[in-house]
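Here's a quick tour of a protein model, from the inside out. Take a look at it first, then go through the points below.

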Amino acid sequence: MNTYVLKRSFKDLSIHLVLLIGVAWSLFPFLWMVLTSLKSYIDASAATALLPQQWLFSNYADAWNQVGNFPRYFANTLFIGFSTVAGVLLTSILAAYAFA
């Protein structure tokens, strides 16, 4: 095999390896958050194992129904999020027009 091809293959492999490590580094907190949300309160407080001993999907229903006025809080979050995106989009369009 050509040495150029070997060097290029090694370079591509090392770049992909670094990118995969970066992806794993970025996704691990999200995975941890989801797995912790499926634990019981005692297991989540102890933080001894990554995987829950008992998978409690009912935590989501409890959060939706029992924590204050969760549907209203969720609607407020959506309103603020969409309003912010619309505001940024409008100002960006106006700035792009001015710069063009």
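A search of the whole structure turns up one cavity of 30 Å³ or more. A cavity here is a set of points on a 1 Å grid over the protein atoms alone where a 1.4 Å probe fits but cannot get out, and its volume is the space filled by probe spheres set on points joined across faces, edges and corners. Keep in mind that this is a predicted model: local features need pLDDT of at least 70, side-chain atom pairs count only at pLDDT 80 or more, and totals for chains, interfaces and linings use all residues. Residues are numbered from 1 along each chain as its sequence is written, and side-chain values use heavy atoms, leaving out hydrogens and water.

**The cavity**
- The largest cavity has a volume of about 50 Å³.
- Its lining (residues with an atom within 4 Å of a point) is made up of K39, D43, T48, A49, L51, P52 and Q53.
- Sorted by class, that lining has three nonpolar, two polar and two charged residues; Ala, Leu and Pro are among the types that count as nonpolar, and Asp and Lys are among the charged ones.

**Helix 1**
- R8 is found in helix 1, where a helix is a DSSP run of H or I with at least four residues, numbered from the N terminus.
- R8 counts as partly exposed because its relative accessible area is 46%, and partly exposed means between buried (under 20%) and exposed (over 50%), with a 1.4 Å probe and protein chains only.
- F28 lies in helix 1 too, and F28 is partly exposed at 38% relative accessibility.

Key
1 Å grid on protein atoms, 1.4 Å probe; cavity = no way out; pocket = protein on both sides within 12 Å on 5 of 7 lines; lining within 4 Å. Helix = DSSP H or I, 4+ residues; strand = E, 2+ residues; numbered from the N terminus.
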